Amino acid sequence: MDSNYRMYEVICLPKFLVIVESPAKAKTISKYLGSKYTVKASYGHLRDLPKSQLGVDVNNDFAPKYITIRGKGSTVKELREAAKKADSVFLATDPDREGEAISWHLAHTLGLNLKSPLRVTFNEITPAAVRSAFQQPRCIDEHLVDSQQARRILDRIVGYKLSPLLWVKVRKGLSAGRVQSVAVRIIIDREREIQAFQTKEYWTLEASLKPPKSRPFLAKLTGCELANQAEVEQIVSALRGLRFVVKAVKQVEKERKPFPPFNTSALQQEAAKRLGFSAKRTMRIAQTLYEGVDLGKEGAVGLITYMRTDSTRLAQEAILAAENYIKAHLGPSYHTARQYTVKRGHSVNSPQHSSAQDAHEAIRPSYVERTPSELKLSLSSEQYKLYKLIYERFLASQMSNARFDTVQADIQAGEHAFRAAGSRLVFPGFLALYAEESNDEETTDTGELPPLQVDQVLSLVKLMPKQHFTQPPPRFTEASLIKILEEEGIGRPSTYAPIIDTIQTRGYVEKEQKRFVATELGQVVVDILKEYFPELVEIKFTAAFEDKLDAIENGQSTAVIVLREFYADFAAQLEKAMVGAEKMEVTDELTDEACSLCGRNMVVKVGRFGKFLACPGFPTCRNTKPILKSIGVACPICAGSIVERRSKRGRTFFGCSNYPSCSFVVWQKPRETPCTHCGAFTVEHKRRSGEVYSVCGNPACGAIQGEK
């Protein structure tokens, strides 16, 4: 009787289907839910607008036409069959607009009731967070979905309506995007600012001064601008023989606060500056850390919280965990509990949907006890570097201020004033864990000053005049471009990586020495858009649209209202541009390389993976070749030329120009000098300080050159 009852009980247990985006995420959360739950992946979106047509009925309140994405039919069939066998279906896609939209599409595809509580969200993939989320499912947030659809439809209209204009007026195959065009404009505006910049000469004068029985220090001339060498020489001459007297000494203890934990844009900027990671690479690695990394016997474990967030807010349990760790490993004096306010004007206590990404926490480790050093062997090199950055930034945000003793000394020599500044670290606080990197090249801080007293006479050791020239604003790096996009409210942090990737793929900008330069094509396209669609490439207009998306998300507006408002003017501008815009010629760069098939001189084209050579006789001749940039080093195998190449992911590597007959390839840049230990080739490495050094490329040797 008992045996039959147990069998009946097993048969009657409810069965639940959980759908997430990726297999990695499915593998991680399935461990926490038990045998009643089956977890499957949708592999991202199942439905989207068709690629072959606009897919939006602009005359019927911009109704979208969604179709199953090509290649997703088998996934749809599998999920439908699994849903039929389940008593309940839960949709646990990512907790943002895009994730909400994926769940909405899944509900429609599987015929689920949108009014039932089938939506589950969690900010981190830990047992407690996942189980808690399944105890309080909610309905799909229609406002959040409406906001995502407004963005998707508007971007589709802009892309599909503008592209034909560019085909007619510039070149076939071009496309334009709403946010991407603004990013290109920012880069072009900076380039024109650089070109218009007028360099001016100026000079500075420093004095090396020495107190009695102490070491010398540097003081800088203040109170006057030195325009040329003649003015400097006049002051230098006047200073000869004068007494340098300390007139004032000001001592102050200053504190430096730690940075807040990472949000998405800050993570992308810091990973670019410290690790050299592109925004795309950073987000790819962060996704793996969030969804789960295989830790051996433990299986897949989610190591960080959700990586698409505008917020720097931390959960109370995370603050408490950081407190316990800091006090145990560094001491109570190193701990200061801190809560950081949410960006974009939202308070920490704002309701969940005041902003989808503000509803999340900052990016932090899921488990403080899982230190980077303990996980190093389980992580790839890039995962370890990014996890370490996130981990240390989070802990540092809960640490005490660093304290410095600062000294400022005013020194008089005749009618000329000098100033010296120095500081001494009294208590490292958060700097013990997370060192800052200063970009201030004009600082007058010369380190710790020797003891100085008012009316003390100093000996002049040396006067050091130095010529300078004003510099134009620098071109944008990925980090600085992300920073200005965030400051101007253009796009969202989750869109920065695809924006940067797209503008390069389309050939509108290029990277030179890790900085963006607009191409002629990019300038022509932006100039047309500025003339005929001024609002579209206007920074304030693009930022205002993000606020409109927030209003839709909050239920204060609708997608139809926002799209109607935009489309009326856009359609009129498009018609005017089709008639009035002149044909703009963008000439391809001609090379000396002859086409091996027809003999024409090949031209430079820009494709998905960067520049390449193509025959100008297309479509009659379709010959293409990669552009091989020689680095001036001979191949150690066949004595051919080592050239710079690009992987499919855009990463630079180095190989022999005689490929495929010669298979030599390395990731690090080879150098001319052979190894002093074994005679093999050497490769270039770079320290965090920027110092370049050589290492033997022979794995059996690996000697650092210059070391015994």
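**A walk from the cavity outwards**

So, let's start inside. The largest cavity is lined by Ser-175, Ala-176, Gly-177, Gln-180, Ser-181, Val-184, Arg-506, Tyr-508, Gly-522, Val-525, Val-526 and Leu-529. Two elements each give two or more residues to that lining, namely α7 (178-196) and α16 (520-532). Which of the elements gives the most? That would be α16, with four residues. The space in this largest cavity comes to about 50 Å³, and the count of cavities of 30 Å³ or more is one.

Before I go on, a reminder that this is a predicted model, so please hear everything I say as computed from that prediction.

Okay, zooming out. We have 708 residues in the protein, and 47% of them are buried. In secondary structure terms that's 18 helices and 28 strands. If you put a box around the C-alpha atoms along the principal axes, you get roughly 105 × 75 × 65 Å. And take the contacts between residues at least 6 apart in sequence: 66% of those join residues at least 24 apart.

Nonpolar side chains in soluble globular proteins tend to be buried together. Here, the largest nonpolar core has 144 residues, and the ones with the most contacts inside it are Val-18, Phe-122, Leu-162, Leu-386 and Phe-533. There's another core lying apart from it, this one of 24 residues, including Leu-205, Leu-209, Ile-235 and Leu-452. Leaving out residues up to four places away in sequence, Phe-533 touches Leu-162, Leu-165, Ile-528, Phe-570, Gln-573, Leu-574 and Ala-577.

Next up is helix α13, residues 381-397. Is it enclosed or exposed? Well, 14 of its 17 residues are buried, so α13 is largely enclosed by the rest of the structure. I also like the length check on this one. At 1.5 Å a residue, a helix of 17 residues should span 24 Å, and the end C-alpha atoms of α13 are 25 Å apart, which agrees.

Thr-28 sits in helix α2, residues 23-33, and Glu-98 sits in helix α4, residues 97-110. How buried or exposed are they? Thr-28 has a relative accessible area of 0%, and under 20% is our cut-off, so Thr-28 is buried. Glu-98 comes out at 37%, so we call Glu-98 partly exposed. As for neighbours, again without residues up to four places away in sequence, Thr-28 touches Ile-125, Glu-291, Gly-292, Ala-300, Val-301 and Gly-302. With that exclusion, Glu-98 touches His-45 and Gln-148. The Gln-148 pairing includes a polar contact between the two side chains, at 3.2 Å.

Most residues other than glycine have a negative phi, and most peptide bonds are trans. So where does this model depart from that? Let's take phi to begin with. Lys-213 isn't a glycine, yet it has a positive phi of about 60°. You'll find Lys-213 in the loop between β8 (201-210) and β9 (217-222), and at 88% relative accessibility Lys-213 counts as exposed. Asp-455 also has a positive phi without being a glycine, about 75° here. Asp-455 is in the loop between β14 (416-427) and β15 (457-469), and with a relative accessible area of 56% Asp-455 is exposed.

Then the cis peptide bonds. One joins Phe-618 and Pro-619, with omega at about 10°, and Pro-619 belongs to the loop between β20 (610-614) and β21 (624-626). Another joins Tyr-659 and Pro-660, and omega is about 10° there. Pro-660 is in the loop between β24 (652-656) and β25 (665-666).

Conventions: Residues are numbered from 1 along each chain as its sequence is written. This is a predicted model: local features need pLDDT of at least 70, side-chain atom pairs count only at pLDDT 80 or more; totals for chains, interfaces and linings use all residues. Side-chain values use heavy atoms; hydrogens and water are left out. Buried means under 20% relative accessible area, exposed over 50%, partly exposed in between (1.4 Å probe, protein chains only). Contact means heavy atoms within 4.5 Å. A polar contact is a pair of N or O atoms within 3.5 Å; within protein, one must be able to donate a hydrogen and the other to accept it, and residues adjacent in sequence count only if both atoms are side-chain atoms. A nonpolar core is a set of buried Ala, Val, Leu, Ile, Met, Phe, Trp, Tyr and Cys residues joined through side-chain atoms within 4.5 Å. The expected span of a helix is 1.5 Å times one less than its number of residues. On a 1 Å grid over the protein atoms alone, a cavity is a set of points where a 1.4 Å probe fits but cannot get out, and a pocket is an open set with protein on both sides within 12 Å along at least five of seven lines; lining residues have an atom within 4 Å of a point. Grid points are joined across faces, edges and corners, and a volume is the space filled by probe spheres set on the points.
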